[in-house]
Amino acid sequence: MGELKSWKELPLGAITFRLSTDVKTGDWRALRPVIDQNKCTKCLLCWLFCPEMAILWGGSKVQVNYDYCKGCGICAHECPVKAISMVPEYEGEAL
Amino acid sequence: MSVLEVVPKYPREKQVMINVNGDEAVAYALKQSYVDVVAAYPITPQTIIVEKFSEYVANGEVHTEFVAVESEHSAMSACVGAAAAGARAFTATSSQGLALMVEILYIASGMRLPIVMAVVNRALSAPINIHNDHSDAYLMRDSGWVMLFTENVQETYDTTIQAFKIAEHPEVQLPVSVHLDGFFLSHTLENIYALPDEAVYEFLGGARKLVKTKVDYFAEEVDYALDPGRPLSLGPLALYDYYFEMKIPQIKAMEYSEKVIKEVNEEWYKLTGRKYGNGLVDPYKLEDAEIVIVAMGSSAGTIRSVVKKYREKGVRAGLLRIRSFRPFPRKDVKELLENANVVAVLDKGIGPGSFGALYLDVVSTLYTSKSRPLIVNYIYGLGGRDLQPVHVAQIIDKLLEDLKRGYIPEEERLRFIGVRSS
């Protein structure tokens with residue numbers, strides 16, 4: 001435990017010492033959302049509903065940030081054109 | 001009140017006499033304390049605090065943002081959010097409302113947010129009861145809040161203002177609850193002395209001041225507050241590798257608050273001419289006392305008057321009123337009680353299967369004293385049952401028997417007073 005900090009070195013209150021982005025919550029995923037770009041109408045409902053802000057939109061195509069997507073499936077449920085399918089992680093293509 | 005040792009900055013003639021009940025006294029203190037956010041939900045016997053304060057808001061007498069929430073869980077959550085954003089936040093509740101808040105109470109203290117809350121103590125259900133005991137306060141005992149118990153309406157007013165100063169002290173940064181007994185104080189009119197507004201403003205140093213902290217991912221120390229321009233996450237995950245370390249500063253801050261409560265009590269004395277013991281404990285005739293009653297809250301007045309009568313009869317009795325229940329003033333309690341022969345700790349609440357919470361603290365404090373006094377626990381006043389002078393006299397008479405006998409029979413460590421038992 002040598003590299004861990006003592007209580008005297010911590011910031012006040014319950015501020016974590018690391019940025020929350022350091023924790024790659026994508027590791028938790030069992031099902032992976034895969035977007036069929038041919039069906040996608042870029043309505044961005046998935047972007048709006050994603051509780052993890054893991055839907056990326058740069059202005060051209062909707063993508064998933066697999067580093068943080070926990071695979072909850074809300075995007076697939078909300079997609080009005082069924083462009084998102086939830087694929088078991090072990091069956092999906094390597095990322 | 002004894003002769004003043006100092007000339008206060010605001011002697012009585014420079015203060016305003018107001019006729020208020022305990023709840024209105026809290027609201028009046030709040031009006032003067034430059035509170036930014038009040039989020040609360042009504043519950044008897046706390047309702048008048050929020051009712052009265054919302055009048056001040058509606059009249060434009062305060063700048064406070066008043067949030068009418070849908071539950072006490074939300075009230076405390078809103079206070080956590082407001083305080084995390086740097087606001088001076090306040091709420092008030094009682095009984096079931098406090099029970100609903102409990103989850104967030106731990107979050108407020110764990111995040112080191114200096115929220116102030118008035119708890120108008122009321123019994124917990126079932127059966128439903130709206131009257132006073134301390135079972136709701138005992139429920140929050142281990143939540144990491146500084147808990148101050150008041151004896152009368154004047155002290156309630158004084159303590160509400162002091163609470164902000166204690167909570168916001170840079171070395172404390174902990175939430176503080178001010179406890180007043182439901183109905184006995186909350187609904188009882190008393191003439192009290194209030195400070196002029198500017199005196200309170202000066203005492204608190206204006207609005208809440210933020211403290212700085214060092215966070216790894218920023219080069220400079222930052223204000224401990226949420227700011228969209230400089231994002232911080234308060235309270236996210238810390239597991240077995242860090243949770244324990246993050247709890248230690250909270251425990252240290254609670255211990256440090258003893259010093260601050262004492263300092264604030266002294267400062268208040270210099271300002272107003274009023275003080276309550278040393279801030280933590282308020283002793284009465286303990287110097288040579290053989291028999292001591294320990295209690296909290298409004299019953300202390302009744303007990304004091306009976307103790308005085310017994311003193312006149314030549315009985316060496318005394319009273320130790322605990323003002324600060326958390327932090328528990330171990331040092332003072334030990335010093336003040338270790339020369340007594342018999343101590344009765346009065347609890348207005350009980351952990352069934354154990355004892356009253358105050359008794360457990362007093363016993364554990366005195367375990368390491370040289371001459372361990374006999375200590376017995378009296379449970380009294382549950383559900384608002386009045387503690388009458390005759391009850392206190394019965395207690396003292398019984399303690400005199402204990403003193404003569406020289407020991408407390410094991411089955412008599414826990415006694416009940418004022419309950420029909422035959």
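Me: How many residue pairs are in polar contact across the interface of chain A and chain B?

Reply: The model is predicted, and in it the rule finds 4 residue pairs in polar contact across that interface, counting pairs with both residues at pLDDT 80 or more.

Me: And how many salt bridges are there between chain A and chain B?

Reply: The count is 1 salt bridge between the two chains. Lys5(A) pairs with Asp216(B), and their closest N and O atoms are 2.9 Å apart.

Me: What area is buried between chain A and chain B?

Reply: About 1,900 Å² is buried between them, and carbon and sulfur atoms give 71% of that. In residues, 15 from chain A are in contact with 24 from chain B.

Me: Which residues does Met111(B) touch, leaving out those up to four places away in sequence?

Reply: Met111(B) touches Gly13(A) and Ala14(A) on chain A, plus Val80(B), Tyr224(B), Leu234(B) and Gly235(B) on chain B.

Me: Where in chain B is Met111(B) found?

Reply: Met111(B) sits in the loop between helix H4 (95–110) and strand S5 (116–121) of chain B.

Me: Why does Met111(B) count as buried?

Reply: Its relative accessible area is 12%, and buried means under 20%, so Met111(B) qualifies.

Me: Switching to salt bridges. How many does a search of the whole structure find?

Reply: Over all chains, the search finds 32 salt bridges.

Me: What is the N to O distance for Asp158(B) and Arg274(B)?

Reply: The side chains of Asp158(B) and Arg274(B) meet in a salt bridge at 2.7 Å, N to O. This pair links distant parts of the chain, 116 residues apart: Asp158(B) is in helix H6 (residues 153–168), while Arg274(B) is in the loop between helix H8 (243–272) and strand S11 (281–284) of chain B.

Me: Are those two, Asp158(B) and Arg274(B), buried or exposed?

Reply: Both Asp158(B) and Arg274(B) are buried.

Me: What about Lys52(B) and Glu55(B), how do their side chains meet?

Reply: In a salt bridge, with 3.4 Å from N to O. About one helical turn separates Lys52(B) and Glu55(B), because they are 3 residues apart in helix H2 (residues 47–58) of chain B. Lys52(B) is partly exposed at 25% relative accessibility, and Glu55(B) is partly exposed at 40%.

Me: Which helix holds Glu335(B) and Lys331(B)?

Reply: Both lie in helix H10 (residues 330–337) of chain B, 4 residues apart, about one turn of the helix. Glu335(B) and Lys331(B) form a salt bridge whose closest N and O atoms are 3.5 Å apart. Glu335(B) is partly exposed at 48% relative accessibility, whereas Lys331(B) is exposed at 56%.

Me: Which residues are joined into one network by salt bridges that share partners?

Reply: Glu151(B), Glu155(B), Asp282(B), Arg304(B), Arg321(B) and Arg323(B) are joined that way.

Me: New topic, Thr365(B). Where is Thr365(B) found, and what does it touch?

Reply: Thr365(B) is in helix H11 (residues 357–366) of chain B. Leaving out residues up to four places away in sequence, Thr365(B) touches Phe328(B), Arg330(B), Val333(B) and Lys334(B). Thr365(B) is buried, with a relative accessible area of 6%.

Me: And Glu70(B), buried or exposed?

Reply: Exposed, at 62% relative accessibility. Glu70(B) lies in the loop between strand S3 (65–68) and helix H3 (72–84) of chain B. The side chains of Glu70(B) and Ser74(B) are joined by a polar contact of 3.1 Å.

Me: Last one. Which residues form a nonpolar patch on the surface?

Reply: Trp47(A), Leu48(A), Phe49(A), Trp57(A) and Ile74(A), with about 490 Å² of accessible area together. Helix H1 (residues 45–49) of chain A gives the largest share, 3 residues.

Me: How accessible is Trp47(A)?

Reply: Trp47(A), found in helix H1 of chain A, has a relative accessible area of 46% and is therefore partly exposed.

Methods
Residues numbered from 1 in each chain as written. Chains lettered and ligands numbered in written order. Predicted model: local features only at pLDDT ≥ 70, side-chain atom pairs only at ≥ 80, totals over all residues. Heavy atoms only, no water. Patch = residues over 30% accessible without salt bridge, like charges linked within 9 Å, V, L, I, M, F, W, Y side chains within 5 Å. Areas by Shrake-Rupley, 256 points an atom, 1.4 Å probe, with all protein chains shown as cover. Salt bridge = Lys/Arg side-chain N within 4 Å of Asp/Glu carboxyl O. Helix = DSSP H or I, 4+ residues; strand = E, 2+ residues; numbered from the N terminus. Buried < 20%, exposed > 50% of the residue type's maximum accessible area, 1.4 Å probe, protein only. Polar contact = N/O pair within 3.5 Å; in protein donor to acceptor, adjacent residues only side chain to side chain. Contact = heavy atoms within 4.5 Å. Buried area = accessible area lost by both parts, 1.4 Å probe.
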